[in-house]
Amino acid sequence: MTPYQLLERLFPINRSITGQGVEQSLEIIKTLLPALRILKIPSGTQCFDWVVPEEWYARNAFLEDDSGERILDFKENNLHLVGYSTPIDTILPLEELQEHLYSLEELPDAIPYVTSYYKKRWGFCLSDRQRKALKPGNYHAVIDSSFKKGSLTYGELIIPGDKEQEVLLSTYICHPSLANDNLSGPVVLTFLAEWLSSLPSRKYTYRIVYTPETIGAISYLHKNLEQLKKRVIAGFIFTCLGDERTWSYLPSRNGNTLSDRVAKYVLNKFVPTYTTYSFLDRGSDERQYCSPGVDLPIASIMRSKYGTYPEYHTSLDNLGFVTDEGLNQSLELYKNVIGIIEKNATYKTTCLCEPQLGKRGLYPTISTKKTMGTTKDLMNLIAYADGSRDLLSIAEHIQVDFDICVENAERLREATLFNMCEVVNKI
Ligand code: ZN
């Protein structure tokens, strides 16, 4: 299965913050990640300042005019129904119906994505063109939905590494038929997790999390905060990874964590141009993971960022907006991110004052213009290896490719000039 095929498969499912859609989607993901655990938190559970809501079920929803002609049908496009709509079966005139309709004047052919999780209401979404064509008269509005005490469902996969320290990779799975925001997130994360699981070994443990946005991240933190604070050294929110228009970076609240440094390094190296946003532009679960007292090092690398592209949260963010190529490029970029986190390390030189490289075979016996560059790279690496800066930080400072610094550090370690420090520089 390709990332795009997985996205196609998940696309029609009616997901919300609770209910069958999330579980159904996780079951499909589990076919690719058999060790994925599908877990539940009961409705009514208090999680910090929030309470896990009741489960929402939507079986059917449609709108008919007085001749019985169906104007819109939830079964044709789940965006037609306002998420978490209360049940209704009523006949009402157009003027009254208008209060329950949502459309976008600026995008007359798009159906908007609207939810009302924390205030009980009902409504339909439709294109503005369709709305303007509605004739005066009576309409039959039917929403067959219900709420019940159940649970919030989320997925968790722990891929163990040599160390207990963890990299947290989190995505949300509460959006219905919307492709870039956000099915591209769970899709890229699933293939990344599959790749991580297939590696012969890993230095770090990887914690892969699929939760409904906001309430899912809050309840996940409520359950795991202590462990996450103790173990997580880096992490990312997987969202908006499917189109090919652009690249974006959204920092953590701190702005200079290991996650931020790796994200910037990889984008600078592999992407021709990208937009740097501020934490003030945040909008996803970094709000929770980076909140005061939680303070996890969580950043995001995205393609077109949520809220910035016209198709965002409308029916135009569909299977035509994302591409196989876009998803694969995002996957490759995140593999590079992981590669750097895995290879990054902090070293301390074992020698007081400048070591004599020549007697260790590390210095060219003949000094030419050509050999000067590489010797300088080695000497600069030694000059900053005081146990406080990691390789990534030194690589950026001395302006030498990270992979070359890794090779040089290994040579110096073999020559017993470098000791690896156990500390991980989260910042
Ligand atoms: Zn969204």
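Is Cys240 buried or exposed? Select Cys240 and find out: its relative accessibility is 0%, so it counts as buried. Keep in mind along the way that this is a predicted model.

**Stop one: the cysteines**

Stay on Cys240 and show its sulfur. The closest cysteine sulfur belongs to Cys174, 12 Å away, which is too far for a bond. A disulfide would need two cysteine sulfur atoms within 2.5 Å.

**Stop two: a pair of helices**

Next, select residues 258–270, which form helix H7, together with residues 324–343, which form helix H9. Turn the view until you can see both axes: they come within 10 Å and cross at roughly 130 degrees. That angle makes H7 oblique to H9. As for handedness, the crossing of H7 and H9 is right-handed.

Now show the side chains at the contact. On the H7 side, pick Val262, Tyr265, Val266, Leu267 and Phe270. On the H9 side, pick Leu333, Asn336, Val337, Ile340 and Ile341. What do you get if you colour the contact of H7 with H9 by nonpolar, polar and charged? Nine of the residues are nonpolar, one is polar and none is charged.

Note on methods
Residues numbered from 1 in each chain as written. Predicted model: local features only at pLDDT ≥ 70, side-chain atom pairs only at ≥ 80, totals over all residues. Heavy atoms only, no water. Axes fitted to C-alpha atoms, helices over the stretch in contact; angles between N-to-C directions. Helix = DSSP H or I, 4+ residues; strand = E, 2+ residues; numbered from the N terminus. Parallel < 35°, antiparallel > 145°, perpendicular 65-115°, else oblique. Left-handed = near helix turned anticlockwise from the far one by under 90°. Contact = heavy atoms within 4.5 Å. Nonpolar A, V, L, I, M, F, W, Y, C, P; charged D, E, K, R; others polar. Buried < 20%, exposed > 50% of the residue type's maximum accessible area, 1.4 Å probe, protein only.
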